[in-house]
Structure formats: C-alpha cells, structure tokens
Amino acid sequence: MIKCIKYFLALLLVLCGSCSSSGSSSEGGYTGENQNASGVWSNVPLGKEAGKIFVAGIITPEYNARFIGDAIQYVGTVDVRARTVLNGELSACVWTTTGGVHYQTNHATLDMFGYLVQKFLLMGSFRYDANPDENVPFEFIYNTTYEVPPSIDDIKDSWVFVDEWKSGNTLVLTITPSTEVPTIGNITGSDTLGNSFLGTISIHYSPPSDTPKNIYDLSLQFYNTSNGDTVSLGGLATYLESYNEDGSAEGKTLCIGATSADYSYSLNGFGTQ
C-alpha cells in the first residue's frame, strides 16, 4: 500500500510539473524545455537481477549512462522527451563465472522507460528486448555529491573492492594524482586471482566550457591471467558520500563501471578505503 501511494504521489508531481510548465501543447505536440537527467543517482531497491541489486547510476550531460550493481552493469544512452519522459537503449553486462574466464560477461539489449521527477527521482522499468513482457522496476534518488567539484585528490590512494567477479576475489585499485596534469590520476591495481590493471582516471568535461561535476572518465588495460589476453576497458566513475545520523561524514564509496568495446568484459563495483 505504501509503495502504491509513493508511486501515485510521484506521478502527480510529473503531471503537475508538466501542467505548470511555461511550454504549451500545439496540435497534439509538446513544446517546452525537457528536464535534465544528468547526475549521480542512488538506488532505492525494487527489482533484482542475477541476485544483485543496482546501487548507483551515472548519467553524463551527454546522456551517456551506466547503472552499476555488484555483479551487473547496464550501459548505453538515455534521453528525456516531452519534458519528463525518460527513454534509454542499453546493454546489460552480467558476469558469468561458469566458463572460468575472469570478468567475462553475458550481455543482452534492453530498453529503459520511466519518468524524471523534478531532478529528484528516476522511476520506471528496464525491459529486455528478448523478453518484453518482463519488467525490472527501478527507482533512483538524485545524489547531491554530483554537485561536489571534482578533484583527483578526493579519490586518491587505494580502494578495496570485495567479491569482484566471484566470491572471495578482492581487487585493490590505487589512484595516484598525476604530477603533470592535475585533472588526471594514474591507476594501478591487482586482484586475488592475479589479474592486473593499469590506466587513468580523469575529470569528465562536457562540454569543456561547462563547470565539471563529480563524474570521472575511466581508461584501463586489464591483463587477464585466465587466458593471457590484455583487454581495453572504458567507462565512468563517481563516488557516493555517506553520513552518520548526526550529520558527520562516514566515508566515501567509489563506484566504477567499465566495459570492453564489445561488452564481453566488465569491471564494476563499489570500493572503500
């Protein structure tokens, strides 16, 4: 009952926001400024996929999107139409441990449908192309860490990711600020399985004239000990800051989502210091 009331109130906000817009309808069409979905989004868990829930979403000003979970990552583009209607075309990358190739994924295409409620709430469902009758519902709350000015110093040092790819595998990534370019950090890392990672993390600028937000670009080379391959990974990162009940800072969680160009490999998760 409470969930139904929450959805009803959220839909009322969408409808009221549309009615009060300075834009107007003309011959059945809508004229008016679309709301902006770019940001860092935290999950209110409703749907589950592969036994895991999504925890964070990153949407850049160009509307490139990554929705990151413990064992799954959705990658693609989203846009906002008719002011509040959210649409997206995504690829789902789900780790598979059956073949023994580290960080390998199964992937499938899907669509994203929903609403953007006043830069506060994303709500709707993911729908797989192969099974359009099955919906995976979602709610994401806007996280104000998106507005924090980005800094490599804020994400430097070592981050520990537990149960990466499979239970018992720990990944440690270390970020060292570049001595030449202050907007770039160098990444080195390895996991319990012997895989190694090397690359960079840099402040995301889009377009360059805009004030950057708390989003970072990832570029990694991953040496896979399970088959001897070296794989290029690209993606996005951010951090979420948590607080105690008294308002004091509790700590940061680094959220990363990176994939190979063909989505056959995925690195995603949540690191702590």
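Predicted model: local features only at pLDDT ≥ 70, side-chain atom pairs only at ≥ 80, totals over all residues.

Residues are numbered from 1 along each chain as its sequence is written, and side-chain values use heavy atoms, with hydrogens and water left out.

Across the whole structure, 14 aromatic pairs are found (rings of Phe, Tyr and Trp, the last by its six-membered ring, with centres within 6.5 Å; planes under 30 degrees apart count as stacked, over 60 as edge-to-face and the rest as tilted). Two of these pairs are set out here.

| Pair | Centre to centre | Angle between planes | Class |
|---|---|---|---|
| Phe-138 and Phe-140 | 5.9 Å | 45° | tilted |
| Phe-197 and Phe-222 | 4.9 Å | 10° | stacked |

Because Phe-197 lies in strand 14 (residues 196–203) and Phe-222 in strand 15 (residues 216–223), their pair ties together parts that are 25 residues apart in sequence; strands are DSSP runs of E, at least two residues, numbered from the N terminus. Phe-197 is buried at 3% relative accessible area, and Phe-222 is buried at 1%, where buried means under 20%, exposed over 50% and partly exposed in between, with a 1.4 Å probe and protein chains only.

Phe-138 and Phe-140 also belong to a cluster linked by ring pairs, together with Phe-67, Tyr-74, Phe-126 and Tyr-128.

Lys-252 lies over the face of Tyr-239, 4.7 Å from the ring centre (NZ of Lys or CZ of Arg within 6 Å of the centre and within 35 degrees of the ring normal).

Val-160, which lies in strand 11 (residues 157–161), is partly exposed at 31% relative accessibility.

Methods:
Helix = DSSP H or I, 4+ residues; strand = E, 2+ residues; numbered from the N terminus.
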